[in-house]
Protein chains: 2
Amino acid sequence: MGKQYEALVARLREIHNVGMAASILSWDQQTQMPRGGAEARASQLATLSKIEHEMFTSEITGQLLADAATEVADADYDSDAASMVRVVQEDYDNSTKIPTKWVTEFTQLTSMADGIWAKARQDKDFSQFQPSLERIVEMVREKTEFLGYEDHPYSALLNQYERGITTTQVKKIFDDHKAGLIELIAAINANADKVDDSIMHRPYDVDKQRQFGLKMIEAYGFDFSRGYQAVSVHPFCTHFSSNDVRLTTRFDPDFMNTSVFGMMHEAGHGMYEQGIGQNLEGTPLASGTSLGIHESQSRMWENLVGRSKGFWSWALPQLKEIFPHLESVDLNTFYKAINKSEASFIRVEADEVNYNLHIILRFEIEMDLITGKLDVKDAPEAWNTKFNEFFGITPADDAQGVLQDVHWSYGIHGYFPTYALGNLLSVQFYNEAVKAHPSIPSDIANGKFNTLLTWLNENIHQHGRKFTSDELTNKVTGESIQSRDYLAYLTTKYSDIYEL
Amino acid sequence: MGKQYEALVARLREIHNVGMAASILSWDQQTQMPRGGAEARASQLATLSKIEHEMFTSEITGQLLADAATEVADADYDSDAASMVRVVQEDYDNSTKIPTKWVTEFTQLTSMADGIWAKARQDKDFSQFQPSLERIVEMVREKTEFLGYEDHPYSALLNQYERGITTTQVKKIFDDHKAGLIELIAAINANADKVDDSIMHRPYDVDKQRQFGLKMIEAYGFDFSRGYQAVSVHPFCTHFSSNDVRLTTRFDPDFMNTSVFGMMHEAGHGMYEQGIGQNLEGTPLASGTSLGIHESQSRMWENLVGRSKGFWSWALPQLKEIFPHLESVDLNTFYKAINKSEASFIRVEADEVNYNLHIILRFEIEMDLITGKLDVKDAPEAWNTKFNEFFGITPADDAQGVLQDVHWSYGIHGYFPTYALGNLLSVQFYNEAVKAHPSIPSDIANGKFNTLLTWLNENIHQHGRKFTSDELTNKVTGESIQSRDYLAYLTTKYSDIYEL
């Protein structure tokens with residue numbers, strides 16, 4: 001590539017390094033920092049964030065982008081250079097569209113709102129949070145105008161996490177499987193007595209849980225020479241390079257699922273980051289393409305692989321060696337226990353059958369809040385009515401309902417749908433992998449995971465942020481994101497488990 | 001304070017934050033980073049270092065300093081504001097005196113030299129390292145000219161770690177106790193059979209070592225709500241705020257001293273940082289005043305407290321609870337065992353009697369290298385001759401001699417003396433504390449450490465970098481750094497232990 005492009009990349013690498021440094025500070029904050037360090041850490045992060053923003057949105061960067069664009073004008077759409085200029089130009093436009101004054105006010109507003117929300121949830125009292133949320137929704141509406149949109153203001157929000165996707169597209173995908181989910185959930189609830197998961201709820205030594213979980217994700221192919229696992233209150237995955245990927249785990253001494261499936265989930269994210277092409281290392285393209293695609297990887301390794309009967313035909317004997325009290329449990333009982341499905345109020349506790357419906361509920365409410373069709377003050381009632389319609393049960397209070405998620409206090413409206421898209425894509429991609437390599441299910445049942453991982457590396461991971469999720473999905477599966485495969489997967493799997 | 005001063009401090013806080021971020025990256029590198037992360041981490045650290053340097057040495061900072069200096073011209077010498085402007089102006093002058101071109105070349109030279117030195121040490125072959133060291137010494141000489149000095153070029157190097165101290169002063173301090181040390185070491189070696197430390201060399205469970213060490217430093221007063229301990233290959237202490245101080249420990253499963261006295265040592269550094277006045281938090285004055293003063297704190301808690309008989313009259317029964325195999329060991333035997341003194345070739349393994357002589361040897365050789373009185377090629381022979389003169393034994397090879405330390409490959413000549421000054425100051429300060437509070441020795445024997453710690457907080461810690469080590473020493477003890485107290489302490493203690 002030419003000199004202008006090289007100059008652009010050199011500057012982007014420095015800006016990227018500042019962002020990665022901030023990620024390291026956040027990681028440390030959640031894994032090692034003593035509580036006394038909170039104030040200084042907030043100040044350090046604010047400085048790095050300011051420097052990164054100033055460097056990225058400066059006229060120097062704009063000029064380098066323009067010069068490089070001319071230079072790479074003839075490069076292929078799929079080439080690293082054309083993708084770099086295209087994607088970073090989009091990032092640049094988004095960063096420069098929002099006035100600094102708005103950002104400052106919004107940051108202050110949401111950092112206050114976070115504490116207010118936590119208190120309101122504790123007190124189960126939405127009215128405490130209502131004024132903050134009203135102002136947040138007002139400002140988020142302003143944000144949609146700054147960012148711009150075609151079909152719907154909500155698209156501007158979606159696009160922050162899922163580049164290029166539209167509200168129309170997401171609404172259709174969600175509408176397509178909403179009724180099917182409601183029906184399946186009702187059928188499962190009617191047959192609840194077919195599954196007993198009491199064997200999962202008993203003391204499991206934490207060190208042994210960790211030992212087993214690490215063994216499983218190492219078998220998956222998570223590379224510990226380029227990765228590390230720690231403990232934190234909320235499990236997450238982060239990275240500072242595709243060669244330095246970090247996972248955290250939360251342990252429950254009385255419930256093994258939390259740690260084991262949590263590790264598989266985060267390892268799914270982690271293997272995505274480890275699989276990004278080394279040609280993109282250190283640049284803004286060296287990351288997963290979107291939250292939805294990212295979630296497809298975590299959900300695939302957690303659910304499609306980790307909650308399959310084949311996997312446990314290989315893994316259960318090993319688990320029994322570590323936890324002899326499982327000795328008498330047969331594969332089928334264990335398989336059913338780890339797949340117990342139950343309608344419940346809290347999204348983060350939802351199983352794979354219930355999960356998307358929690359998201360569809362939030363999507364519909366968020367859209368109505370942004371358009372003004374729903375007043376903030378009426379959100380709790382709208383939530384509870386919809387919840388009953390979807391799940392057949394009604395939250396007892398706002399803590400179980402509208403106040404349960406932290407997202408709105410952060411002002412990250414438009415984020416929720418990516419979780420559901422991830423579930424859908426996990427099955428689309430898995431089916432495609434099996435089409436290419438029919439041995440994958442039996443490989444998994446033999447503890448051989450690299451057939452799947454290599455396929456994911458080649459078809460998804462290596463591209464980093466070069467494509468939008470829709471471009472990538474079409475490239476890999478020949479069609480856009482759809483809910484057909486997911487609903488079929490759930491119906492088959494749970495008809496068997498619950499004898500529907 | 002006025003607006004100019006506030007503007008200066010605001011900028012210094014941002015620059016400080018970038019530096020602290022770099023420290024967090026280094027901490028992570030040594031405690032959690034997988035080996036795959038090394039390349040990206042080097043790049044991230046280089047970016048932060050570049051940004052910090054550019055921000056600090058920019059004309060903006062220079063102008064803010066000049067404006068603030070006018071504003072605080074009438075403030076007391078001891079005030080925060082006058083100290084801030086005075087100390088930071090000195091930092092600024094030093095940072096701007098050295099040409100960027102020199103820094104770039106020196107960084108390249110030393111990053112190459114580090115690997116060459118490691119190989120040479122492994123091969124016990126100085127000639128491999130000689131060309132690198134020759135160029136390093138040449139460049140270090142240039143550095144002394146950039147920085148400037150009064151009595152001796154070596155003072156410019158000393159001042160990087162010990163502001164305001166002169167070569168003349170250090171030489172006198174060292175000459176004052178050199179003969180005394182040589183004599184004491186010879187006497188101890190002649191009575192070597194009086195102490196047997198075989199009880200320290202046996203298996204000690206690492207988890208239990210950690211448990212005991214943490215209990216001891218918590219009792220000392222290291223505040224874990226503002227601190228954290230991790231494991232690393234080389235133990236160190238670092239901080240990202242006076243409310244976020246980190247220690248690391250190295251464990252030897254067959255020798256308890258490594259971890260227990262290591263923790264006490266690092267906790268001494270850590271309690272210094274935790275004791276810095278909150279009025280200085282987040283500014284460039286929020287750190288220990290110099291390496292020598294810092295080392296005085298680590299050595300005091302490691303040796304004056306941690307290797308005293310009084311301390312173990314309180315701690316040994318607790319150690320016996322954790323390690324029952326010590327049950328039959330009496331206090332006197334244990335006290336002698338942890339204070340075994342022995343002339344040996346390696347500085348980092350030296351006990352408190354031998355340590356300063358190792359430093360004096362390096363100081364004399366470094367001075368001669370800088371003045372050119374000694375050629376680099378003749379350094380191994382000069383080292384061995386001097387070593388025999390001081391300790392009565394001769395290194396078998398260069399790995400045991402001139403090649404043992406990493407410092408010269410880093411180009412940090414002038415650093416070694418601070419270790420010895422720390423030993424001297426530990427006794428000067430301790431004696432002064434006992435003068436003020438005669439109960440300190442008996443308090444220690446009763447597991448009560450806050451009499452000493454509070455005195456250190458008030459007299460030393462709170463001031464941060466406001467004063468030079470000489471100013472602080474005079475303020476606290478009424479005289480400059482001297483070796484009289486240290487030699488008297490050693491003579492009394494070891495005459496008892498070795499029945500001299």
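**Contacts between chains and domains in a predicted model**

Colleague: What makes up the contact between chain B and chain A?

Modeller: The contact takes 31 residues from chain B and 31 residues from chain A. Two residues are in contact if their C-beta atoms, placed from the backbone, lie within 7 Å. This is a predicted model, where local features need pLDDT of at least 70 and side-chain atom pairs count only at pLDDT 80 or more, while totals for chains, interfaces and linings use all residues. Residues are numbered from 1 along each chain as its sequence is written, and chains are lettered from A in the order in which they are written.

Colleague: How is chain A divided into domains?

Modeller: Chain A has domain 1 (3-97) and domain 2 (125-500), with bounds from an automatic or database domain assignment. Their C-alpha centres lie 28 Å apart. The contact between them takes 19 residues from domain 1 of chain A and 17 residues from domain 2 of chain A.

Colleague: Which elements give two or more residues to the side of domain 1 of chain A that touches domain 2 of chain A?

Modeller: Those elements are α1 (3-31) and α4 (80-97) of chain A. The largest share of that side, 10 residues, comes from α1(A).

How values were computed:
Helices (H or I, at least four residues) and strands (E, at least two) are DSSP runs, numbered from the N terminus.
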